[in-house]
Amino acid sequence: MREFYYECFECGELFQPVGHMIECSECGSILQYFYPKLKIRRFNDLVLPFMKGVWIFQKVLPIRWVHTSAVSLGEGGTPLTLSKAAMDFIGVNNVSVFLKNEMLNPTGTFKDRGSAVSLSVFKERNILEVSLASLSDTSASYVAYNRDAGRKIAIFSPSRQRIVDGGESVVTVSVEGAFHDAEAMARAFAEGAGFVFDGGFKNPNMTAGLETLAYEILIQLYQKYGKRLKEMIENGKVWYIHPTASGSTLIAWYQALDRMNEWGLIKGFIRLVCVQPEGCPSIVDPALKKLKKLEAPIKSETWVKELEVEWPK
């Protein structure tokens with residue numbers, strides 16, 4: 001049987017992967033998964049080519065019985081394409097710009113990677129009822145993957161967002177206010193109705209699924225550049241640019257890169273760049289001010305409501 005644990009991102013405390021945890025009971029920090037017996041010596045060692053979807057990365061995903069628990073709609077495996085148009089737009093000819101087309105995932109979003117893992121974990125651990133707050137992309141993704149997982153799901157979304165019809169097993173609630181209001185109601189509903197609160201940004205299963213994006217891109221770059229990739233990363237020549245709301249994908253990238261450093265596949269960290277719409281609460285400013293926790297939401301003035309999170313993490 002595969003061995004893995006919840007691990008606190010801050011204090012390193014380990015917990016048995018029973019039920020669903022979203023934060024460390026010792027210090028309150030977010031959790032990741034720890035695989036004590038996992039040894040990866042080459043990029044190809046990460047991949048099980050006979051699996052489908054994100055489950056080709058089964059070795060670094062928190063499922064024990066993949067053949068009975070894994071939910072997949074064929075997510076992942078999206079192309080990484082050199083874009084001359086983007087290079088011309090930037091106006092430099094000594095930089096190669098690759099585009100990762102995550103719109104080719106089943107519901108058109110990279111969130112499908114996290115939904116596949118989250119719903120699979122809920123299925124394997126017999127978690128039957130789940131509550132979450134969501135903007136439209138996550139809710140649509142959860143609904144699609146739940147058709148196989150068969151959980152009962154309550155989704156709370158800000159009233160400005162499109163409500164997704166999930167059939168009899170999914171209840172959708174429109175909440176007046178912003179995303180953090182929907183999240184507070186999802187948590188309160190879970191406590192009152194006996195549901196499990198998904199945790200959103202803090203959901204380690206979603207983060208584990210999003211880590212596969214980093215593994216996949218690094219493998220694709222390795223296939224192009226070979227052993228030069230390690231030197232390129234060490235010299236700061238590889239950047240990853242991502243549209244960001246709360247920063248959950250950047251956390252996933254950091255965790256994946258940290259693992260790859262530990263295994264010796266790479267040396268150093270690539271530049272992680274988050275792009276936010278003008279007027280959106282910054283996820284960088286609180287860090288620069290050395291704030292560990294925000295005491296109040298930051299007012300948003302952006303028109304891109306799908307990327308509006310008033311409590312940037």
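Author: Let's start with one spot: the side chain of Asn261 reaches the backbone nitrogen of Gly268 at 2.8 Å. That's a polar contact, meaning a pair of N or O atoms within 3.5 Å; within protein, one must be able to donate a hydrogen and the other to accept it, and residues adjacent in sequence count only if both atoms are side-chain atoms. Keep in mind that this is a predicted model, where local features need pLDDT of at least 70, side-chain atom pairs count only at pLDDT 80 or more, and totals for chains, interfaces and linings use all residues. Residues are numbered from 1 along each chain as its sequence is written, and side-chain values use heavy atoms, with hydrogens and water left out.

Reader: Where does Asn261 lie, and which residues is Asn261 in contact with, leaving aside its neighbours within four places in sequence?

Author: Contact means heavy atoms within 4.5 Å. By that rule, and with those neighbours set aside, Asn261 touches Ile266, Lys267, Gly268 and Phe269. Asn261 itself sits in helix α8. Helices (H or I, at least four residues) and strands (E, at least two) are DSSP runs, numbered from the N terminus.

Reader: How many helices and strands does the protein chain have, and how much of it is buried?

Author: The protein chain has nine helices and 11 strands. Of its 313 residues, 52% count as buried.

Reader: Which residues have the most contacts inside the largest nonpolar core?

Author: A nonpolar core is a set of buried Ala, Val, Leu, Ile, Met, Phe, Trp, Tyr and Cys residues joined through side-chain atoms within 4.5 Å. The largest one here has 65 residues, and Leu46, Trp253, Met260 and Trp263 have the most contacts inside it. Helix α6 (residues 204–225) gives the most to this core, with 11 residues. A second, separate core has 12 residues, among them Phe156 and Val175.

Reader: And how many salt bridges does a search of the whole structure find?

Author: A salt bridge is a side-chain nitrogen of Lys or Arg within 4 Å of a carboxyl oxygen of Asp or Glu. The search finds nine. In one of them, Glu3 pairs with Lys37, with the closest N and O atoms 3.4 Å apart. Glu3 lies in the segment before β1 (5–8) and Lys37 in the loop between β3 (31–34) and α1 (66–69), so the pair ties together parts that are 34 residues apart in sequence.

Reader: What about Lys100 and Glu216: buried or exposed?

Author: Both are buried. They form a salt bridge too, with closest N and O atoms 2.6 Å apart. This pair links distant parts of the chain, as Lys100 is in strand β5 (residues 98–100) and Glu216 in helix α6, 116 residues apart. Together with Glu102 and Arg113, Lys100 and Glu216 are linked in a network of salt bridges.

Terms used:
Buried means under 20% relative accessible area, exposed over 50%, partly exposed in between (1.4 Å probe, protein chains only).
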